There are 2 protein chains.
Amino acid sequence: MNARIEADAAFTDWMQHVQAGMEGTLDAYLPAVTEIPARLHQAMRYTALDGGKRVRPLLVYAAGELFEAPEELLGRAAAAVEMIHVYSLVHDDMPCMDDDALRRGKPTVHVRYDEPTALLVGDALQAQAFAVLSGNVEEQYAARQLKMLHLLAQAAGSTGMCGGQAIDLASVGMTLSLAELEQMHRLKTGALLRAAILLGACSGKHLTVVEQAALEAYSCPISLAFQVVDDILDATADSATLGKTAGKDAADNKPTYVSILGLSESQALAEKLRNDAHKALEQFGNKARRLHELADLIVQRKA
Amino acid sequence: MNARIEADAAFTDWMQHVQAGMEGTLDAYLPAVTEIPARLHQAMRYTALDGGKRVRPLLVYAAGELFEAPEELLGRAAAAVEMIHVYSLVHDDMPCMDDDALRRGKPTVHVRYDEPTALLVGDALQAQAFAVLSGNVEEQYAARQLKMLHLLAQAAGSTGMCGGQAIDLASVGMTLSLAELEQMHRLKTGALLRAAILLGACSGKHLTVVEQAALEAYSCPISLAFQVVDDILDATADSATLGKTAGKDAADNKPTYVSILGLSESQALAEKLRNDAHKALEQFGNKARRLHELADLIVQRKA
């Protein structure tokens with residue numbers, strides 16, 4: 001039992017270390033407010049800094065630990081994935097999409113600034129993600145970076161995150177089957193979570209086919225669990241805890257795991273997915289403990 | 001005189017060859033409509049294919065000729081720059097920005113489809129640009145591609161195109177000095193035109209410092225001339241010729257070269273910039289003839 005408490009404490013320390021480090025990394029990789037146009041840079045910083053659970057950066061670092069990834073490349077990968085995630089939130093919150101006023105406990109960008117600024121903040125953050133990930137590290141890592149850029153661009157695009165968002169929009173008010181709901185989330189949320197894991201891994205030494213397959217087998221249930229828990233929280237938590245508008249999916253008549261499966265079935269599914277994720281990591285042994293613990297975090301989180 | 005007519009005909013042939021080739025290249029690098037989500041892919045193709053003067057791809061190919069660039073890398077660079085350009089038009093036309101109904105003679109994406117689709121089409125085209133440019137060519141070109149990706153991402157972002165757009169939005173109804181107007185356009189239009197030239201050049205063999213400086217000295221006046229002529233056309237041509245709404249800048253109370261300098265001074269400036277661009281190319285001799293002719297095209301175009 002003491003060992004368990006120590007392990008939990010070590011994980012919390014590690015998590016807080018990564019989260020705090022991410023603030024500095026994002027700060028360093030975002031244009032300064034002294035650069036023109038100042039207001040756009042202020043708005044980019046307003047939305048990207050000081051908020052968020054940084055789940056994707058945590059996955060990048062946890063996967064990177066497995067493959068002896070160099071620190072600078074990991075930092076660039078984590079910042080790039082987080083910038084893509086943040087830009088997608090800014091655009092999703094806009095009036096023509098989900099029309100949301102609250103995000104991470106703060107007014108959304110189009111509310112705090114204005115709509116054109118929100119559009120440009122998202123566009124500029126996406127470009128910045130690719131600028132950061134293509135930044136010069138060391139010539140020996142060029143092929144690695146190129147592979148990571150390709151992974152991230154595909155995860156962000158029309159057969160990844162943007163595609164999932166398009167399916168989500170088209171599904172409002174429709175009755176989806178569980179398979180259709182899964183496909184939507186595999187693109188909308190899953191593609192970028194998977195990219196975070198693979199980018200962390202690709203930052204390091206060459207992956208074998210078996211290792212890559214194990215990471216895919218981990219990322220699949222993790223991605224779904226993330227969304228199932230999101231739906232559970234949207235149905236059960238309040239806005240103050242979530243830092244965004246709760247009960248939004250039901251109000252918007254969006255299909256969710258809770259609306260299709262019910263609450264207790266959804267909770268059982270999240271547990272099953274966590275076990276699947278843990279199993280996929282077995283071949284890595286204790287080296288994969290951070291990924292193992294992140295599966296716990298994703299299922300047990302309260303916001 | 002006959003030699004001049006032959007040269008013009010050769011340039012027209014070359015231009016049409018590149019433009020026709022770009023349709024095929026873009027077609028190949030855009031997701032098929034058979035891929036899910038089909039409607040998003042339809043909308044991406046609707047806006048990216050069969051339209052536009054392809055000025056940026058022409059610059060990519062013309063600069064590539066100077067440095068013996070491999071065909072596949074040039075095609076990827078040209079497609080990527082054009083996708084960034086097209087996405088920026090889709091977002092600029094949206095109701096919260098310029099609210100424009102006509103583009104390249106067709107209804108804009110948010111009019112033909114809807115606003116959320118226009119937002120996602122732009123987002124997905126930006127991601128696709130980076131996916132195409134990071135696609136695996138040959139391991140020997142990895143460092144080149146990485147440099148090109150970095151150039152493109154910086155040109156597209158908050159200190160490039162998006163930044164220029166932000167300054168443009170902030171300047172509506174304001175009196176700008178000529179220097180302020182120039183700075184806005186150097187970012188808004190100039191950054192991506194410059195990137196097109198440099199990407200074409202970087203696709204090929206290593207640039208010397210002198211060569212890079214000459215290309216910068218060419219891209220600067222070319223970018224400004226492009227915008228000066230845009231302003232002249234907006235003030236003098238009709239919507240049918242332009243394929244977009246004419247007289248929009250004056251109606252929107254936007255500062256332009258014509259509103260600051262007047263029409264004949266603007267025309268004189270365009271001529272001066274063309275001469276500056278031609279002078280910058282002198283050291284390359286006849287090898288730079290396509291870039292030379294593109295400067296003519298940019299100043300003499302009627303749409």
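Across the interface of chain A and chain B in this predicted model, the rule finds 0 salt bridges. Polar contacts do cross the interface: 10 residue pairs, both partners at pLDDT 80 or more, are counted between chain A and chain B. The points below take up the interface, the nonpolar core, the salt bridges and some features of the backbone.

**The interface between chain A and chain B**

- Chain A contributes 44 residues to the contact, and chain B contributes 44 residues as well.
- About 3500 Å² of area is buried between chain A and chain B, and carbon and sulfur atoms give 75% of this area.
- On the side of chain A, the residues that lose the most area to chain B are L120(A), L146(A) and S158(A), which together make up 16% of what that side buries.
- Five helices of chain A each supply at least two residues of the side that touches chain B: α2 (38-48), α4 (71-92), α6 (115-133), α7 (142-156) and α8 (161-171).
- Helix α6(A) provides the largest share of that side, namely 10 residues.
- By residue type, the side of chain A that touches chain B consists of 26 nonpolar, 14 polar and 4 charged residues.

**The nonpolar core**

- The largest nonpolar core holds 217 residues, and the members that touch the most others are L215(A), Y218(A), L215(B) and Y218(B).
- When neighbours within four places in sequence are left aside, the contacts of L215(B) include L66(B), F67(B), I197(B) and L198(B).
- Further contacts of L215(B), counted in the same way, are A201(B), L207(B), F284(B) and L291(B).

**Salt bridges within the chains**

- Side chains of opposite charge can pair when their charged atoms come close.
- In chain B, the side chains of R39(B) and D114(B) form a salt bridge, with a distance of 3.1 Å from N to O.
- R39(B) belongs to helix α2 of chain B, while D114(B) belongs to the loop between α5 (109-112) and α6 (115-133), so this pair ties together parts that are 75 residues apart in sequence.
- R39(B) is partly exposed at 42% relative accessible area, and D114(B) is also partly exposed, at 24%.
- R76(B) and E72(B) meet through their side chains in a salt bridge of 2.9 Å, N to O.
- These two residues, R76(B) and E72(B), are 4 residues apart in helix α4 (residues 71-92) of chain B, so about one helical turn separates them.
- R76(B) is buried, with a relative accessible area of 11%, whereas E72(B) is partly exposed at 36%.
- R274(B) and E271(B) form another salt bridge, in which the closest N and O atoms are 3.0 Å apart.
- Both R274(B) and E271(B) lie in helix α14 (residues 263-280) of chain B, where they are 3 residues apart, about one turn of the helix.
- R274(B) is buried at 12% relative accessible area, whereas E271(B) is partly exposed at 34%.
- In chain A, a network of salt bridges links E23(A), R54(A), E82(A) and R104(A).

**Features of the backbone**

- In chain A, I36(A) and P37(A) are joined by a cis peptide bond, with omega about 0°.
- P37(A) is placed in the loop between α1 (2-29) and α2 of chain A.
- In chain B, a cis peptide bond with omega about 0° joins I36(B) and P37(B).
- P37(B) is placed in the loop between α1 (2-29) and α2 (38-48) of chain B.
- E68(A), which is not a glycine, has a positive phi, near 50°.
- E68(A) is part of the loop between α3 (55-66) and α4 of chain A, and E68(A) is exposed, with a relative accessible area of 58%.
- D99(A) likewise is not a glycine and has a positive phi, of about 50°.
- D99(A) sits in the loop between α4 and β1 (102-103) of chain A, and D99(A) counts as partly exposed at 47% relative accessibility.

**A buried serine in chain A**

- S171(A) lies in helix α8 of chain A and counts as buried, at 2% relative accessibility.
- Not counting residues up to four places away in sequence, S171(A) touches L176(A), M184(A) and P255(A).

Technical notes:
Residues numbered from 1 in each chain as written. Chains lettered and ligands numbered in written order. Predicted model: local features only at pLDDT ≥ 70, side-chain atom pairs only at ≥ 80, totals over all residues. Heavy atoms only, no water. Contact = heavy atoms within 4.5 Å. Buried area = accessible area lost by both parts, 1.4 Å probe. Salt bridge = Lys/Arg side-chain N within 4 Å of Asp/Glu carboxyl O. Polar contact = N/O pair within 3.5 Å; in protein donor to acceptor, adjacent residues only side chain to side chain. Nonpolar A, V, L, I, M, F, W, Y, C, P; charged D, E, K, R; others polar. Core = buried A, V, L, I, M, F, W, Y, C linked by side-chain atoms within 4.5 Å. Buried < 20%, exposed > 50% of the residue type's maximum accessible area, 1.4 Å probe, protein only.
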